[in-house]
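Subject: Structure handover

Hello,

My notes on it follow below.

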Amino acid sequence: MVAKSELKRIRSLHQKKYRIREGQFLAEGMKLVGELLDSGLEPVGLYSTAPEELPGSQPITEGELRKASALVRPSGVLGVFPIPDPEPLTFEGWTLALDGVRDPGNLGTLIRLCDWFGIGELLCSPDTVDCYNPKVLQATMGSIARVRVVYKDLAETLDASGLPVYGASMEGEAIGGEQRLSPGILVMGSESHGLSGPVRDRLSQTWAIPSFGRAESLNVATAAAILLYEIRRATRK
């Protein structure tokens, strides 16, 4: 059995303030836990309802798992991992930056998009949702193990990068065609608020995604997927 105090501590990691205090986060499901293990991240604790299938894991009952889990339907595997120490951004190739994206599902999908399009670094404003939020982690489908997420003041970091900065806006230039791009930073804002003033002031170019229907806007993750595809197609080799 897992001690009640340990179950309580694991459950506390659902909240950001305790993740910060403990320097740890909670991962659930064999897919996510397996990706983190394969990345070389050493777990603080591993728990499984079928420990014979996960070497090094501690047995946990279905009842105990429900008490510790952040999921409505726990999937049988739970891991507690240390939050990696922050590393400086390298700005090698393209970087995606997020300005005030607060929806956990959107951030998780954006991390997965970075992994899909080979974007190794994701720069986030301090008011962007925590990447170790359990809902974010589930939405990444394990891609959090391969994308480095860094939280910094956007305006200062954009200035220091020395790179061209691109943003999305309904009033921007339509992306696509025969244009060729040099690597830089693509900044995406929330669907409801868009980009903040200090970030807009630092844009080298603003892009729009042409609309052929009547929808007022696109979800930030959907818009980012389109822009990242166009970026990869148009980047100078």
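Arginine 202 is partly exposed, because its relative accessibility is 29%. The model is a predicted one. The side chain of arginine 202 forms a salt bridge with that of aspartate 159, at 3.0 Å from N to O. Arginine 202 sits in the loop between helix H8 (197-200) and strand S10 (205-208), and aspartate 159 in helix H7 (residues 154-161), so the pair links parts 43 residues apart in sequence. Aspartate 159 is partly exposed too, at 48% relative accessible area.

The whole structure holds 11 salt bridges. One of them pairs arginine 9 with glutamate 22 at 3.7 Å, N to O. Arginine 9 belongs to helix H1 (residues 4-12) and glutamate 22 to helix H2 (residues 16-22), so this bridge ties together parts 13 residues apart in sequence. Glutamate 22 counts as partly exposed, at 29% relative accessibility.

Within helix H9 (residues 220-234), glutamate 230 and arginine 233 are 3 residues apart, which means about one helical turn separates them. Their side chains form a salt bridge of 2.9 Å, N to O. Glutamate 230 is buried, with a relative accessible area of 16%, whereas arginine 233 is partly exposed at 35%. Elsewhere, shared partners join the salt bridges of Glu6, Arg9, Arg21 and Glu22 into one network.

Last, asparagine 133. This residue lies in the loop between strand S6 (121-124) and helix H6 (134-140), and is buried at 17% relative accessibility. Its side chain reaches the backbone nitrogen of lysine 135 at 2.8 Å. Apart from neighbours within four places in sequence, asparagine 133 contacts Arg19 and Pro104.

Regards

Technical notes
Residues numbered from 1 in each chain as written. Predicted model: local features only at pLDDT ≥ 70, side-chain atom pairs only at ≥ 80, totals over all residues. Heavy atoms only, no water. Helix = DSSP H or I, 4+ residues; strand = E, 2+ residues; numbered from the N terminus. Buried < 20%, exposed > 50% of the residue type's maximum accessible area, 1.4 Å probe, protein only. Polar contact = N/O pair within 3.5 Å; in protein donor to acceptor, adjacent residues only side chain to side chain. Contact = heavy atoms within 4.5 Å. Salt bridge = Lys/Arg side-chain N within 4 Å of Asp/Glu carboxyl O.
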